[in-house]
Amino acid sequence: MFSFITKRLLSGILLLAVVTTGTFFIAHLAIGDPTPGLLGNSATPAQQAAMRAKIGVDRPLLTQFWDWLSHAVTGDFGTSWRTFTPVNDDLALRLPVTLSVVFFATVLSAIFGVIIGIACGLRPGSVFDRVLKFASVVLFALPGYWLGIVLVQLFALGLGWFDATGYVSPEISVGGWLRSITLPSVALALGAIVMIAEQLRNSFLEVNNQDFVRTLRARGLSKRRVTRHVLRNSAPAALTVLAMMFVGLLGGAIIVELVFNLQGIGILTQQSSQNGNIPVLLGLTVMTVVFVVVINLLLDLVLGWVNPKVRDR
Amino acid sequence: MTAAPFPANLAPVKRVSLWRRFLRRPAGVIALVVMILIVLVAVLAPWLAPYDPNLVKLRITNVGPGGDHILGGDSGGRDILSRLIYGARTTLFGAAITCVSAVLIGVPAGVCAGYFGGVTDRVLTWISDALQSIPVLLMLMIVAAGTGQSFPVLMVVLGLFMAPGYYRITRGRAQAVRKEPYIDAARVSGVTNPRILRTHMARAVYPPIVVQSALTAGLAIGMQAGLQFLGIGSAQTPSWGQMISNGMLVINTHGLILLWPSIALGLTIASLAFIGTTLADLISIRVEQPTRRMRLRARQELAKAPASAELPDRVASGTHAHEVADCALRIDNLRVGYPSPAGVKEVVRGVSLDAGPGEVLGIVGESGSGKTQTMFAVLGLLPIGGTAVSDGIHVNGKEVGGLPALERAALLGRSIGYVPQEPMTNLDPSYTIERQLVEPLRQVQGMSKAAAKARAREVLVRVGITDVDRVLRSYPHQISGGMAQRVLIAGAVSGRPSLLVADEPTTALDVTVQAEVLELLRELQQEYGMALVIVTHNFGVVADICDRLVVMKDGRIVETGAVEQIFRSPADPYTAELISASLDDADGRVELDKAHVGGEDGAR
């Protein structure tokens, strides 16, 4: 188990190294000269040259990379090319907004996904089960932001139950915080709920068909107890999807934040992409990949706890 | 070889093409028609669109549907219908780029990984996992920052991130094909690797790739619209995502402007999704969930009026040896069927048998003869969709066939014990052996925790396990097959049942272990005075421990009798065939061949 975790951790560090290095060079090679994006098209060549010197893109690319890397390993991701504030401060300011929404969305999808998945797994072919199948196609077809727009119209502007846009920090008001993140979280979670439910339902049915379930029944165990065995064995598949969802939601947050005008890392990504603000984009990449690695590591630990075979690896 | 007649009574296997089966599904057909229409609109856009999609007429700014402009104008004064039609072009073009690049990256990589394995496989799989774990949109935004927002480039990058889907499918298939003996044969006879891959892989991989492409295209279209919604892409190229983004700005005053592109987008992705799921249903081997109506119909068909001269099949086969009241088990005219598109498929067609207390009854027959299904019906644990009707199932002299499911289930673990065939798949992999033995004792027998633990140890010792402590602590994957079968036997007898049913209890075991397990069953049966019904295809097993014998073929009983009598003079040619097939001497083999060909001619 210990060596297994070590291996996964090393694999995660390798992933981080490969992705950030790749991103660094792709971004630099693709953007080339970032100054028009940063200063606008009206800037004079002299202004552009001054800017290039200031942000250091007049140096050889490898020097820049070494400079960035040697700072990055200490946790310093440089300064934004636009505001000249530390990238870390920018991220720290935006992260709570996105994490609030994504975390809440993950909780919602876990709770409802599991309940719906079990309900459908217990009664396959029922009306409820068919509705899930249909909903999974419909939600696949409707992009999250579209749902977001509809939710805003209906619940915020129409009924006035929630805030239409903007973010309220929980330090100011917990109730306000919940009201401000509910709609974006729901918009994000709907697709994830259906995916988790479908995955759980399918693996539930698959496990239910396995020999050992018949043997458990033949021992006289009650339906509830047998269901517990089935659930325990279908949990790994559902947990894997849940972990994938969390990462997916981090990405999906970009669009949802735009719809709900939340100043999170999504909007920061969009702005930095438009301006060619490479240090911020790199900071965002590192942060996201770290999230991915941590989540996957947690998943491995949980899977090891659920599935004894993993432990022996 | 050439003389052997082709079995005429086997229904010819219908090989209906995937395409024809697809056309029988209404959801799939509708989705396909919609998709074809959208493709036509995209291809014919220059001829279909009434106006230039970028032509600005201030007069029609935010004008509703009607007049010259069928769907009205948008907030920029442009004709909505024309923009929708050209948007279809942009959308499908982008999706096509993504799918093609994903296939071109994913499929060759998957084939290489699956076929060559080893380091190639590990490296490629690591890359695939890595691609799947990075948020796509973030990467696309980074690429978009530099590429001058060129959409084709973005869609190729998206294709790279979609490639793992194809990679997984082809890798799995390639691994499966690699294990096939004919691949080795091809290699030995000097066929080159690329040629093997081309000829043998293409066909196996084709259907799931089509499914994956439908889903990939749907995802690509959604992602593309999302990027356009975020303002990426040229303003001069009409696109649905851009139209949605524009529509959002005026949603409160002119909601329709948002509605049209949303419908177009939703319809396109949904039809792709329906095409994909319909195809996936058709090619998967997943068991269809029978509806309640199908189950009801199966029951009615099975229960149809029995006994008439024209339908000899409806008369029960087999005989009883004991009075009802004296039976540990008695089955009267049992039928088991599964719903199928053509009505109901009967796998057990009128079976009657019985076993007295303390008697060992063997049920023999080749696979597919219905012996295991008969036993599942006795337990009341038929697989999904299975329906059993009978004139009576008696356990210990009591009719139980008509009992409600819950009361029926109450017999299990108390009156009836069950020993399964395959030891390794019949233990729950997630729990320790101790937990699996103790749980039924506590719940079913109502024992205290300590008493249940003590009983579990005691039974394990009884079934011949020496290091009881280690086995109790172990998970199923940590013990051997023979050990697991002993554990399962211990579980079956720990509730002291009066009837033990064993389904091929030795088939999955090593030959040396087989005899021991059989001997154990025999001992336990005598010690506890249980009736033992043992399903097998092995006459060695029968000769070893059975008192009486039932021979089954095609869901019916062909012969019932005492073991010695059947061995000495089998009444049915099929029984004789089975017996000689079990004997290993050369003469028997020759006779068997003769008997087999002759028997087939005679029977058909």
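This is a predicted model: local features need pLDDT of at least 70, side-chain atom pairs count only at pLDDT 80 or more; totals for chains, interfaces and linings use all residues.
Take Ala220(B) as a case. Leaving out residues up to four places away in sequence, Ala220(B) touches Gly94(B), Ala95(B), Thr98(B), Cys99(B), Met155(B), Leu158(B) and Met162(B).

Domain 1 of chain A covers 1–81 + 276–313, and domain 2 covers 99–275. Their C-alpha centres lie 29 Å apart. Their contact takes 17 residues from domain 1 and 15 residues from domain 2. On the domain 1 side, helix H2 (35–39) and helix H12 (278–306) of chain A are the elements that give two or more residues. H12(A) gives the most, with 12 residues. By class, the domain 1 side has 11 nonpolar, six polar and no charged residues.

**Where the chains meet**

The contact between the chains takes 58 residues from chain B and 60 residues from chain A. Several helices of chain B each supply at least two residues to its side, among them H5 (118–133), H6 (136–146), H9 (193–229) and H18. H6(B) gives the most, with nine residues. The chain B side divides into 35 nonpolar, 19 polar and four charged residues.

How many of the eight residues of helix H9 (residues 211–218) of chain A are buried? Seven are, and the helix is mostly covered. The buried ones are Phe212(A), Val213(A), Arg214(A), Thr215(A), Leu216(A), Arg217(A) and Ala218(A). They pack against partners in both chains: helices H8 (174–208) and H10 (223–260) of chain A, and helix H13 (371–379), strand S7 (416–419) and helix H18 (481–493) of chain B. After H9(A) comes Gly220(A), whose phi is positive, near 95°.

**A sheet in chain B**

Strand S7(B) also belongs to an open sheet of six strands. The order is S7-S8-S9-S3-S10-S11, with mixed pairing. S7 and strand S11 (556–562) of chain B stand at the edges with a single partner strand each, so one side of each has no neighbour in the sheet. Direction ignored, neighbouring strands are turned by 15° against each other on average.

Inside the sheet, strand S3 (residues 360–364) and strand S9 (residues 531–536) of chain B run parallel, joined by five bridges. Gly362(B) stands opposite Ile534(B) in S9(B).

Most residues other than glycine have a negative phi. Two residues of chain B have a positive phi although neither is a glycine.

| Residue | Phi |
|---|---|
| Asn396(B) | about 55° |
| Glu504(B) | about 45° |

Both sit in loops. Asn396(B) lies between strand S5 (392–395) and strand S6 (398–399) of chain B. Glu504(B) lies between strand S8 (499–503) and helix H19 (511–528) of chain B.

Which is buried and which is partly exposed? Asn396(B) has 18 other C-beta atoms within 10 Å, so it is partly exposed. Glu504(B) has 21 C-beta neighbours inside 10 Å, so it counts as buried. The cut-off for buried is 20 or more.

Note on methods. Residues are numbered from 1 along each chain as its sequence is written. Chains are lettered from A and ligands numbered from 1 in the order in which they are written. A residue is buried if 20 or more other C-beta atoms lie within 10 Å of its own, exposed if 12 or fewer, and partly exposed in between; C-beta atoms are placed from the backbone. Helices (H or I, at least four residues) and strands (E, at least two) are DSSP runs, numbered from the N terminus. Two residues are in contact if their C-beta atoms, placed from the backbone, lie within 7 Å. Ala, Val, Leu, Ile, Met, Phe, Trp, Tyr, Cys and Pro count as nonpolar, Asp, Glu, Lys and Arg as charged, and the others, Gly among them, as polar. Domain bounds come from an automatic or database domain assignment. Two strands pair if DSSP finds at least two bridges between them. Axes are lines fitted to C-alpha atoms, for helices over the stretch in contact, and angles run from 0 to 180 degrees between N-to-C directions.
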